Amino acid sequence: MEQYIIKGGNPLVGEVEIGGAKNAALGILAAAIMTDDTVRIDNLPDVQDIHVLLEAIGQIGAKVERIGRTTVLINGSEIGSISVDYEYIKKIRASYYLLGALLGKYKKAEVPLPGGCNIGSRPIDLHLKGFKALGATTRISHGAIIAQADHLKGGHIYLDTVSVGATINIMMAASMAEGRTIIENAAKEPHVVDVANFLNSMGANIKGAGTDVIRIRGVEKLHATEYSIIPDQIEAGTFMFAAAVTKGDVIVKNVIPKHLEATSAKLAEIGCQVEEFDDAVRVVATRRLTNTNVKTLPYPGYPTDMQPQIGVALSLASGTSLVTESIFENRFKYVDELVRMGADIKVEGNTAIIYGTEKLTGARVSAPDLRAGAALVIAGLAAEGITVVDDIVYIQRGYENFEEKLRSLGAEIEKVSSEKEIQKFKLRVG
Ligand code: UD1
């Protein structure tokens, strides 16, 4: 089992290049099988979730050719099965995007029901509601969802909750349905827009992505395209907070600053200087951070995927802060770990009350999920002494070359896999 070992205390200084957005890539890779032509996708993040989805796509018969670390060619003309293996869905929930893609293209899809995830219960009722509105029947048999339709017909769908996954899944199926579909109360996240742009580049007719009403006119066929995925705003935001908690000065490059507005605004509010350029942001922190309140909301609100990172920053800020999680019920698992590092935090319902402390001290902690894991690494970078983060497989699902990028900014961090290597690191850093 691999771990990160960190010696905290170094301010992060320098420039870091952000990769492609994982959550956009997951939707785009699934959508790529909807044409029989070859699709080229660039700026793919080199992370575990993407490798797994590519394997799942290969398993149903699509041709997947990696022609570089961040470029892939996909050809879905020889898909022989509309049934996805449980092995894949178990590893990444987002394989459920193959439901919308296969249903749209072949009018039938069979995907195992995703199990619970450790950030809370994650139902897919809204995805199914959307498919039904398009004329499909959905049933569960032997643990799998089977969605099928003689004809997919456009429909009018109101999403009771703003859901990224449901919006993308319905958008994919509706792209190849007959006639017009309207999705109301749609998610507005940048990756929803990116998947819509990708589908449009394949010949789909989607309007309004990025607003809360998306209008889709179904087309019979989609065609070849070349497409470059948008930068990952969560990876970018994570580095911005790493700069903030280490009193650093970091230029985060290859980003779309507009997508980072909620994060930038909060960083400015807690005392950082945030400067925006065309495709970069610079975060400078020179003094102790100050308290604030934050509530996670759908885009353009403050992202739930950035909640643990701001939690770490506020644990070191002066004063008391309130962090309210309104999207997923179980996203405070990092709090117990952070308390072991000296943070003073009490969780009541969906709110964490954070009493800022002067310093954190290194400890052995365990990553409870992807973003919480990254937040604990940030905590380790700011803490006094040595931190070991266990279970970094979660972090590797969504951050490419995390430790290398941090090291290039001056962090003392290494990936290790034995006690011996931990001892070696300790001896080296003194
Ligand atoms: C996506 C992101 C995830 C992010 C989340 C919220 C991907 C692969 N993952 O997850 O990183 O944290 O958006 O920005 O893009 N809900 C229902 N019924 C449904 C679907 C969702 O009730 O059928 C609820 C969920 O329980 C949750 C809320 O809607 O409370 C938002 O979830 P959703 O936007 O669907 O999250 P994901 O797409 O799973």
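**Notes on the predicted model**

1. Arg 69 counts as partly exposed, at 42% relative accessibility; the classes are buried under 20% relative accessible area, exposed over 50% and partly exposed in between, with a 1.4 Å probe and protein chains only. Asp 46, at 22% relative accessibility, is also partly exposed. The model is a predicted one, in which local features need pLDDT of at least 70 and side-chain atom pairs count only at pLDDT 80 or more, while totals for chains, interfaces and linings use all residues. Residues are numbered from 1 along each chain as its sequence is written, and side-chain values use heavy atoms, with hydrogens and water left out.

2. Arg 69 and Asp 46 form a salt bridge, their closest N and O atoms being 3.2 Å apart; the term requires a side-chain nitrogen of Lys or Arg within 4 Å of a carboxyl oxygen of Asp or Glu. Arg 69 is in the loop between β4 (63-68) and β5 (71-75) and Asp 46 in the loop between β3 (38-42) and α2 (48-59), so the pair ties together parts 23 residues apart in sequence. Helices (H or I, at least four residues) and strands (E, at least two) are DSSP runs, numbered from the N terminus. A network of salt bridges links Asp 46, Arg 69, Glu 235, Glu 400 and Lys 405. The structure holds 24 salt bridges.

3. Strand β2 (residues 13-17) runs parallel to β14, with five bridges between them, and Val 16 stands opposite Val 252. With strand β16 (residues 280-284), β14 pairs in the antiparallel sense over five bridges; here Val 250 stands opposite Val 283. Pairing of two strands requires at least two DSSP bridges between them.

4. Which residue meets Arg 282 in a salt bridge? The partner is Asp 249, at 2.7 Å, N to O. This pair links strand β16 to strand β14, 33 residues apart. Arg 282 is partly exposed, with a relative accessible area of 28%, and Asp 249 is partly exposed at 22%.

5. There are six aromatic pairs in the structure. Rings of Phe, Tyr and Trp (its six-membered ring) pair if their centres lie within 6.5 Å; planes under 30 degrees apart count as stacked, over 60 as edge-to-face and the rest as tilted. Phe 198 and Tyr 227 are edge-to-face, 5.4 Å centre to centre with 75° between the planes. Phe 198 lies in helix α7 (residues 190-201) and Tyr 227 in strand β13 (residues 225-228), so the pair joins parts 29 residues apart in sequence. Both residues are buried.

6. Ring pairs also link Tyr 4, Phe 239, Tyr 399 and Phe 402 into a cluster. Phe 239 is buried, as is Phe 402.

7. The protein is divided into domain 1 (3-19 + 231-429) and domain 2 (22-228), with bounds from an automatic or database domain assignment. Their centres, taken over C-alpha atoms, are separated by 31 Å. In contact (heavy atoms within 4.5 Å) are 26 residues of domain 1 and 20 residues of domain 2.

8. Two salt bridges are counted between domain 1 and domain 2. Asp 49 forms a salt bridge with Arg 397, the closest N and O atoms being 2.9 Å apart.
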